[in-house]
Amino acid sequence: MATVVKTEGIKAFSATHDWESADYEPTLPVSEMSNPITHNIDRAPASSIVKMLQDCDAQMFQEKSGAAYERLLSDQVAKSLMEVAKRVQLILKDPQDSLIVLSGCGTSGRLAFFITSGFNRELRRLNHSAVCSYIIAGGDRALFSSQESPEDDPISGALSLKKVSEGKKRVLFIGISCGLSAPFVAGQLDFCLQHPDIYTPVLVGFNPAHQARNEPIPGCTFTFRSVVTKMRELAKMQKAFLINPALGPEAISGSSRMKGGSATKILLEVVFSAAHAANFSRTPITYNGILQHMRSYGEVLDITYSQTEGIAALMEAAGRSLQCGRGVCYLSWGFLGLLSLIDASECKPTFGADYKDIRGFVGGGCKELCNKEGDLNLMGAESGIAHSDFLHDVLPCLTDKDTVLLLYSHSDDVDEVAKLARRVREKTSNMHAVYHQTDGDTVSAHDEINKLCSSTLNFIWPQSTPASMGLQHMWELSTKLLLNAVSTGAHILKGKVYQNYMIDLQVTNSKLYHRAARLLQRLSGHPKSLCEEALLKAIYQVDKLTEDIVTCNLIKHTHTARKVKKVVPLALVCLLTGYSIKEAQSHLEQKPIVREAVEACLREQTLFSGSL
Ligand code: F6P
């Protein structure tokens with residue numbers, strides 16, 4: 001039975017709309033806005049998707065005079081980066097009893113690990129003691145598998161910081177929360193503010209301070225915003241630092257793994273490289289040096305996206321695999337491997353994907369990672385991540401319908417790459433390669449790999465890399481952009497995105513719950529209360545909410561939601577059609593492409609209300 005619903009939630013849209021104007025989605029922080037560039041990304045062919053992603057990424061580096069928001073290349077951002085780099089340098093100079101801690105949730109925590117590992121590795125190479133540590137909400141298990149609920153726990157955030165810095169007299173704490181929203185990080189920042197004699201807090205995120213999340217945190221007297229307000233006061237005396245440029249809305253609304261992740265990597269690498277150069281090569285930390293280094297990352301975008309066609313071909317191959325229920329495997333070597341693991345793990349919360357849809361494998365697996373808690377397989381991780389796991393679990397069943405992507409660089413053992421490529425080629429011709437090299441490098445094994453693959457993207461980087469920036473950082477960012485494009489594009493082609501919203505996101509923490517409720521409002525036009533009701537019915541799989549359910553807290557709701565598939569599409573179909581949960585489920589089974597199911601309901605509902 002169909003019910004009459006209002007449609008004003010689905011507004012006519014102008015692609016020329018400027019996200020910086022005051023009347024553009026005024027109730028949302030920048031990190032949650034929908035990007036005007038990608039409004040029709042769900043209907044675009046692969047080559048246009050790549051172009052849209054390029055334009056969105058380019059927004060990171062836009063410099064506008066008199067702009068409403070601070071940007072990546074703004075004066076204040078460069079100055080704060082300088083100051084934080086100086087603090088890092090002080091710790092390098094006198095590491096005794098000192099520590100730098102990087103922390104975050106989801107992708108932000110994974111990047112904290114990634115950057116910490118790289119920096120410590122470099123220090124050890126120079127026989128310097130490691131000065132950096134990382135924290136990720138949910139512990140090491142969250143490094144390569146989706147663990148969203150620990151993000152809501154400020155106490156565990158504070159305790160983990162206390163534990164890692166036990167006995168230290170000076171701690172530089174860098175909390176990363178792209179949306180200035182994670183209670184886990186708020187708890188850590190608050191802990192720093194309570195112990196100013198030891199801790200100097202730095203916050204990295206991508207909303208202006210007044211857009212920090214202000215929702216009460218259960219059991220706490222602070223909100224993210226109140227913590228930010230205190231930090232702003234302390235920042236005037238350089239006792240705390242805020243690095244929070246706006247990057248423009250994400251290509252897929254709220255998907256902070258994309259620009260948010262890239263900018264986190266850029267900002268922190270700039271800080272650490274500057275401190276490193278100051279300490280080991282006596283290069284002073286200067287405003288111009290910082291800005292120049294930041295700008296050189298802009299060139300990485302240009303070089304990467306200059307291969308639009310190749311990226312689009314990879315996206316199409318991966319999309320075809322997902323469309324027919326098969327998988328995509330990233331096989332990588334060396335430091336690029338970590339990025340492939342990170343990209344694969346993010347698909348679950350973002351697109352409601354199964355861990356088998358996109359999987360990453362890196363050489364020796366955990367042994368190569370040097371994470372704190374050791375072997376992740378022993379900790380109940382969903383699957384193995386070593387090449388041996390690929391050979392054992394995946395290769396025997398591989399077909400032409402699966403896509404395999406080899407990711408390697410000139411500094412890897414290319415003969416090893418060729419060896420694995422031969423084995424994969426025996427099972428599938430759907431194998432592709434992405435290879436980074438510098439001008440003038442020649443490796444014969446590379447030609448063989450080329451011949452085995454149905455497509456190869458060869459990135460050739462100029463030898464004259466700016467001194468302040470390692471080639472490795474360039475290859476990493478380039479690989480991140482490419483993988484984000486492939487996995488996002490493939491899920492778009494599979495129908496997991498509606499307009500530029502992740503329609504099948506998991507509802508496994510408070511931020512995702514509110515995002516889901518907002519999306520339902522926007523797409524159905526129904527009031528908030530009705531949308532939340534529908535969301536709860538979908539989560540608990542009931543047609544009528546009991547007193548018990550209504551009185552449960554958000555933690556229980558998000559915990560229960562972990563076990564249910566397609567929560568948001570289910571709620572939306574119910575809202576638009578008046579179907580029972582069972583009817584909506586069977587409707588979604590008949591139309592497994594979520595975007596098409598949603599569109600059919602929206603069409604039906606428009607026709608119905610039009611005929612009245
Ligand atoms: O909760 C899911 C998620 O959105 C992840 O996808 C993201 O990486 C993480 O939260 C952290 O978000 P933030 O950096 O804004 O705290």
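Trainee: Which residue in β2 does Val101 stand opposite?
Mentor: Val101 faces Ser133 there. Strands here are DSSP E runs of at least two residues and helices are H or I runs of at least four, numbered from the N terminus. One caution: this is a predicted model, where local features need pLDDT of at least 70, side-chain atom pairs count only at pLDDT 80 or more, and totals for chains, interfaces and linings use all residues. Numbering starts from 1 along each chain as its sequence is written, and side-chain values use heavy atoms, with hydrogens and water left out.

Trainee: How many bridges join β1 to β2?
Mentor: Five, and β1 (residues 98-104) runs parallel to β2. Two strands count as paired if DSSP finds at least two bridges between them.

Trainee: Is β2 buried or exposed?
Mentor: Five of the five residues in β2 (residues 132-136) are buried, so the strand is largely enclosed by the rest of the structure. Buried means under 20% relative accessible area, exposed is over 50%, and partly exposed is in between, using a 1.4 Å probe and protein chains only.

Trainee: And which residues sit on each side?
Mentor: Cys132, Tyr134 and Ile136 are on one side, with Ser133 and Ile135 on the other. In a regular strand the side chains alternate between the two faces of the sheet.

Trainee: Switching topic: what's the strand order in the open sheet?
Mentor: β7-β6-β8-β9-β10, five strands with parallel pairing. β7 (358-362) and β10 (455-461) are the edge strands, each pairing on one side only.

Trainee: Where does Tyr330 find its bridge partner?
Mentor: In β8, at Leu405. Strands β6 (residues 328-332) and β8 (residues 403-409) pair in the parallel sense over five bridges.

Trainee: OK, ligand time. How many residues surround it?
Mentor: There are 15, and the closest are Ser108, Glu151, Ser177, Cys178 and Asn509. A residue is near if one of its heavy atoms lies within 4 Å of the molecule. Helices α3 (107-125) and α17 (510-524) each give at least two residues to that shell.

Trainee: Which side chains have N or O atoms 2.7 Å from a ligand oxygen?
Mentor: Glu151 has one at 2.7 Å from a ligand oxygen, and Ser177 has one at 2.7 Å too. For Glu148, a polar side-chain atom lies 3.0 Å from a ligand oxygen.

Trainee: How much of the ligand's accessible area does the protein cover?
Mentor: 94% of the 400 Å² that the ligand has on its own, with areas from the Shrake-Rupley method and a 1.4 Å probe.

Notes. A polar contact is a pair of N or O atoms within 3.5 Å; within protein, one must be able to donate a hydrogen and the other to accept it, and residues adjacent in sequence count only if both atoms are side-chain atoms.
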